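Open the structure in your viewer and get ready to select residues. This tour goes stop by stop.

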Amino acid sequence: MAIKTDAVGKSWPSTTYQVGREKIKEYATVMGIGNPVHHDVDAAREAGFRDVVAPPMFAVVYAMPSLGPAMFDPEVGIDFARLVHGAQTFEWSEPACSGDEITTTATCISIEEKLGNGFYVFDTTSVNGDGAEVVRGTWTNIVRGA
Amino acid sequence: MADVKAGDAVPELRITPDKYLPYRYAGASGDFNPIHLDADFARSVGLPSNILHGLYSMGLVAKTAAQELAGGDPRALKKLSVQFRGMGLPEQEIVVTGEVKEVEGDRVRVALEAVQGDARIIRNGQAELQL
């Protein structure tokens with residue numbers, strides 16, 4: 001089947017996420033990351049952070065909500081029953097700390113059919129309240145047998 | 001960490017996510033896709049059972065790189081790129097391994113992967129760290 005590529009280049013309204021200490025602690029605990037800078041504000045400040053700091057992959061927590069409207073957009077037309085996460089890249093800049101308000105914008109950068117599967121690639125750019133980039137993500141979703 | 005050099009093995013991480021890990025990860029991450037939580041639903045869409053979140057497995061790769069090469073410093077990891085292939089399953093041991101590929105000044109490039117038995121659940125992991 002031919003896949004629709006009309007959404008390539010489209011961006012969706014940004015989402016804003018307020019980073020909090022307990023959420024960072026919850027994520028670090030599930031991942032088994034014991035470094036006190038993720039659990040204790042004094043340890044984080046002693047290590048030079050303004051507050052409890054998130055592990056890098058906490059990016060999924062604050063960046064992923066921006067992809068919701070993109071993934072469900074009929075113009076993109078993803079069939080969720082056959083969707084798998086194919087690949088992921090993150091490039092980190094400023095660390096994310098408790099108290100940060102991080103705004104993320106998602107853009108569809110390519111839609112291609114390869115070997116009978118649909119490859120839907122989205123970029124997300126996340127910036128903090130100072131306007132500094134925190135992380136850039138590239139999310140490759142594969143729809144099997146598209 | 002100045003003595004890291006190309007060819008060095010990254011000390012491996014071994015962890016067996018318990019049956020309820022996908023629920024805790026769903027809560028922590030906000031990703032409640034039922035393929036991770038509901039075995040019947042997962043089978044109805046052609047999966048062997050409920051599967052681990054790929055981003056959880058990627059998180060273990062990130063943790064291994066930061067912990068073993070940078071003493072857990074959350075600022076060290078600058079880039080991580082992975083491919084998800086085999087499906088990760090709860091209650092089976094995950095082994096994360098890696099090798100330092102290139103050292104250029106304070107920048108280190110590392111290749112990593114994660115396996116469960118014969119299934120390579122994270123392939124072509126490429127990390128860049130600033131040490």
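**Before you start**

Keep in mind that this is a predicted model. Side chains of opposite charge can pair when their charged atoms come close. Over all chains, the count comes to 20 salt bridges. The tour visits some of them.

**Stop 1: A:Glu75 and A:Lys10**

Select A:Glu75 and A:Lys10. They form a salt bridge, and their closest N and O atoms are 2.7 Å apart. This pair links distant parts of the chain, 65 residues apart. A:Glu75 lies in the loop between α4 (67–72) and β2 (83–92) of chain A. A:Lys10 sits in the segment before β1 (15–18) of chain A.

Now show the surface. A:Glu75 is partly exposed, at a relative accessible area of 31%. A:Lys10 is partly exposed too, with a value of 26%.

What links A:Lys10, A:Asp73 and A:Glu75? A network of salt bridges joins these residues.

**Stop 2: A:Arg50 and A:Asp100**

Move to A:Arg50 and A:Asp100. Their side chains meet in a salt bridge, at 2.9 Å from N to O. Again, distant parts of the chain are linked, here 50 residues apart. Look for A:Arg50 in the loop between α2 (41–46) and α3 (59–63) of chain A. Find A:Asp100 in the loop between β2 and β3 (101–114) of chain A.

Is A:Asp100 buried or exposed? A:Asp100 counts as buried because its relative accessible area is 8%, under the 20% cut-off. A:Arg50 is partly exposed, at 43% relative accessibility.

**Stop 3: B:Lys5 and B:Asp8**

Switch to chain B. Select B:Lys5 and B:Asp8. A salt bridge joins their side chains, at 3.2 Å from N to O. B:Lys5 is exposed, with a relative accessible area of 51%. B:Asp8 is partly exposed, at 22%.

**Stop 4: A:Leu115**

Return to chain A and select A:Leu115. Phi here is near 50°, a positive value in a residue other than glycine. Where is A:Leu115 placed? A:Leu115 is in the loop between β3 and β4 (117–127) of chain A. A:Leu115 is exposed, with a relative accessible area of 88%.

**Stop 5: B:Glu91**

End on chain B, at B:Glu91. Its phi is near 65°, a positive value for a residue that is not glycine. The loop between β2 (77–84) and β3 (94–104) of chain B holds B:Glu91. At 53% relative accessibility, B:Glu91 is exposed.

Methods: Residues are numbered from 1 along each chain as its sequence is written. Chains are lettered from A and ligands numbered from 1 in the order in which they are written. This is a predicted model: local features need pLDDT of at least 70, side-chain atom pairs count only at pLDDT 80 or more; totals for chains, interfaces and linings use all residues. Side-chain values use heavy atoms; hydrogens and water are left out. A salt bridge is a side-chain nitrogen of Lys or Arg within 4 Å of a carboxyl oxygen of Asp or Glu. Helices (H or I, at least four residues) and strands (E, at least two) are DSSP runs, numbered from the N terminus. Buried means under 20% relative accessible area, exposed over 50%, partly exposed in between (1.4 Å probe, protein chains only).
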